[in-house]
Amino acid sequence: MDYDDLPDDPPPSFDRMKNVVKDAEIKGFNPGLIVLLVVGGLLLIFLVGNYLLYMYAQKTLAPKKKKPISKKKMKREKLKQGVSAPGE
């Protein structure tokens, strides 16, 4: 089969594709794409902001103080473990 035998005109299906491409250029951006980009951008900003605030808080805030355990509770815990409390 020679290339000379083929017609110069593209098949009709390709003609329709040219029109679709021309129409897409005229319309501009797809509204769904714009919404997706805006929502995705806001979500990304939110996550990055939270991470930065977390890192800042870790550096600047003092560590949380633990409540002191009463002698009574300490005695009870040691008895549970089987170790006699001091002074008994």
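In which helix is Lys-72 found? Lys-72 sits in helix H3, which runs over residues 71–81; helices here are DSSP runs of H or I with at least four residues, numbered from the N terminus. The model is a predicted one, where local features need pLDDT of at least 70 and side-chain atom pairs count only at pLDDT 80 or more, while totals for chains, interfaces and linings use all residues. Residues are numbered from 1 along each chain as its sequence is written, and side-chain values use heavy atoms, with hydrogens and water left out.

Lys-72 counts as exposed because its relative accessibility is 64% (exposed means over 50% relative accessible area, buried under 20%, partly exposed in between, with a 1.4 Å probe and protein chains only). Together with Lys-67, Lys-73 and Arg-76, Lys-72 forms a positive surface patch. Such patches take residues with over 30% relative accessible area and no salt bridge, joining like charges within 9 Å.

As for salt bridges, the structure holds 1 (a side-chain nitrogen of Lys or Arg within 4 Å of a carboxyl oxygen of Asp or Glu). Lys-80 and Glu-77 make this contact through their side chains, at 3.9 Å from N to O. The two are 3 residues apart in helix H3, so about one helical turn separates them. Lys-80 counts as exposed at 64% relative accessibility, whereas Glu-77, at 42%, counts as partly exposed.

Elsewhere, an unreviewed UniProt entry annotates residues 33–57 as "transmembrane region"; such annotations may be inferred rather than shown by experiment. In the model, this span is 100% helix and 0% strand, and its end C-alpha atoms lie 36 Å apart.

Definitions and conventions. Patch = residues over 30% accessible without salt bridge, like charges linked within 9 Å, V, L, I, M, F, W, Y side chains within 5 Å. Areas by Shrake-Rupley, 256 points an atom, 1.4 Å probe, with all protein chains shown as cover. Lys, Arg positive; Asp, Glu negative; His and termini not counted. Charge placed at Lys NZ, Arg CZ, Asp CG, Glu CD.
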